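Reader: I have a structure open and I'd like to learn how to read it. Could you walk me through a few features?

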Amino acid sequence: MKSLSLFAIAIVAAQPAIAIPSTGSAVAEVAAAMRSATVVPARQGYVNAMQVYAFADGAIYQAFTAPGAITDIALQPGEGLIAVASGDTVRWIIGDTTSGQGESRRVHILVKPTSAGLATSLVITTDRRAYHLRLTSTAVSTMAGIRWSYPQDEMLALKKAVDAAEAAAPVASGVAIDKLDFNYAISGDKPAWRPLRAFDDGRQTYIEFARTLGAGEVPPLFALGADDAVELVNYRQRGRFYIVDRIFDRAELRFGLKRQTIVRITRHASRARGL
């Protein structure tokens, strides 16, 4: 038993000392982090009487209120309210209502202090995000309302609109159907990205893939010259098509390093026109 006790003491003595910050310094760090995360009203952020904040996850939004006045905190249209919690529900009156119908239906959180000189926190959780606010009451100054803009949602919506426009746009314009040559053969390996067909309009070559092309591997294209020498070729991807700025007799799609997956595209001498 004595040897075991000495062994335990040795293990404890070997452990590195853990520096525990003082309470004062830890509180100061928390206070500094809270100040850094707080977003305050700005004149350029007002639309009429409404302060519009750009939403960022984890930010704290400042709201100034006054006794006898209601500050309207409006959520994103279509956003569903889950819960509202405040650090002080005795001296603050907090309620919620809605405006609009259908997709334009909007939840409003209404706050009003019972006196000046108060401060508390407010957390609003929804089916999309969580809002953190700091409520401060003053003698006279109040914010009529707060709204948010959502840069991430706007970027996603813009990307979807651009993708939809590109998908709806024709792969090429001004092409005479009777000049199309579909007399190309696809051979070689059979990966998921293997093209469906190739054709040209006498000026450019088009390689058509399945609609799932952008969801996985995108193989590079190489034109082949005499003795299978690799030639530089200019091409671009548009939706599920590769558009090559020349007519080639042979080309390869290659993917991988040690064990390459290769699909060959060969143009035959005779021409078959039309669809």
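**Reading the features**

Author: Let's start with one residue and its surroundings. Leaving aside neighbours within four places in sequence, asparagine 234 is in contact with Ile243, Val244 and Asp245. Keep in mind that this is a predicted model.

Reader: Where is asparagine 234 found?

Author: Asparagine 234 sits in the loop between strand 16 (230-231) and strand 17 (235-238). Compare sequence and space, too: asparagine 234 and arginine 246 are 12 residues apart in sequence, and their C-alpha atoms are 7.9 Å apart.

Reader: Is asparagine 234 buried or exposed?

Author: Asparagine 234 counts as exposed, because its relative accessibility is 60% and the cut-off for exposed is over 50%.

Reader: Now for the strands. How do I read a sheet?

Author: The general idea first: strands of a sheet pair through backbone hydrogen bonds, either parallel or antiparallel. Here, four strands form an open sheet in the order 13-14-18-17, with antiparallel pairing. Strand 13 and strand 17 stand at the edges with a single partner strand each, so one side of each has no neighbour in the sheet. On average, neighbouring strands of this sheet are turned by 20 degrees against each other, direction ignored.

Reader: How many bridges join strand 13 to strand 14?

Author: Four bridges join strand 13 (residues 197-200) to strand 14 (residues 205-208). Within this pair, phenylalanine 199 stands opposite tyrosine 206. The two strands form a hairpin with four residues between them, and glycine 202 in the turn has a positive phi of about 90 degrees.

Reader: And which residue stands opposite isoleucine 207 in strand 18?

Author: That's tyrosine 242. Strand 14 and strand 18 (residues 241-244) pair in the antiparallel sense over four bridges.

Reader: You mentioned a positive phi. What should I make of that?

Author: Most residues other than glycine have a negative phi. Two cases to look up here are asparagine 48, with a positive phi of about 55 degrees, and aspartate 228, with a positive phi of about 60 degrees. Neither is a glycine.

Reader: Where do I find asparagine 48?

Author: Look in the loop between strand 2 (46-47) and strand 3 (50-54). Asparagine 48 is exposed, with a relative accessible area of 76%. Aspartate 228 lies in the loop between strand 15 (221-224) and strand 16, and it is partly exposed at 39%.

Reader: What about charged side chains? How many salt bridges are there?

Author: The count comes to 15 salt bridges. One of them joins arginine 240 to glutamate 208, with the closest N and O atoms 2.8 Å apart. Arginine 240 lies in the loop between strand 17 and strand 18 and glutamate 208 in strand 14, so the pair ties together parts 32 residues apart in sequence. Glutamate 208 is buried, with a relative accessible area of 7%.

Reader: Which residue meets aspartate 228 in a salt bridge?

Author: Arginine 264 does, at 3.9 Å from N to O. Aspartate 228 is in a loop and arginine 264 in strand 20 (residues 261-267), so this pair ties together parts 36 residues apart in sequence. Arginine 264 also forms a salt bridge with glutamate 252, the closest N and O atoms being 2.7 Å apart. Glutamate 252 is in strand 19 (residues 250-255), 12 residues from arginine 264. Arginine 264 is partly exposed at 23%, while glutamate 252 counts as buried at 7%.

Reader: Which residues are linked in a network of salt bridges?

Author: Asp228, Arg250, Glu252, Arg254 and Arg264.

Methods:
Residues are numbered from 1 along each chain as its sequence is written. This is a predicted model: local features need pLDDT of at least 70, side-chain atom pairs count only at pLDDT 80 or more; totals for chains, interfaces and linings use all residues. Side-chain values use heavy atoms; hydrogens and water are left out. Buried means under 20% relative accessible area, exposed over 50%, partly exposed in between (1.4 Å probe, protein chains only). Contact means heavy atoms within 4.5 Å. Two strands pair if DSSP finds at least two bridges between them. Axes are lines fitted to C-alpha atoms, for helices over the stretch in contact, and angles run from 0 to 180 degrees between N-to-C directions. A salt bridge is a side-chain nitrogen of Lys or Arg within 4 Å of a carboxyl oxygen of Asp or Glu.
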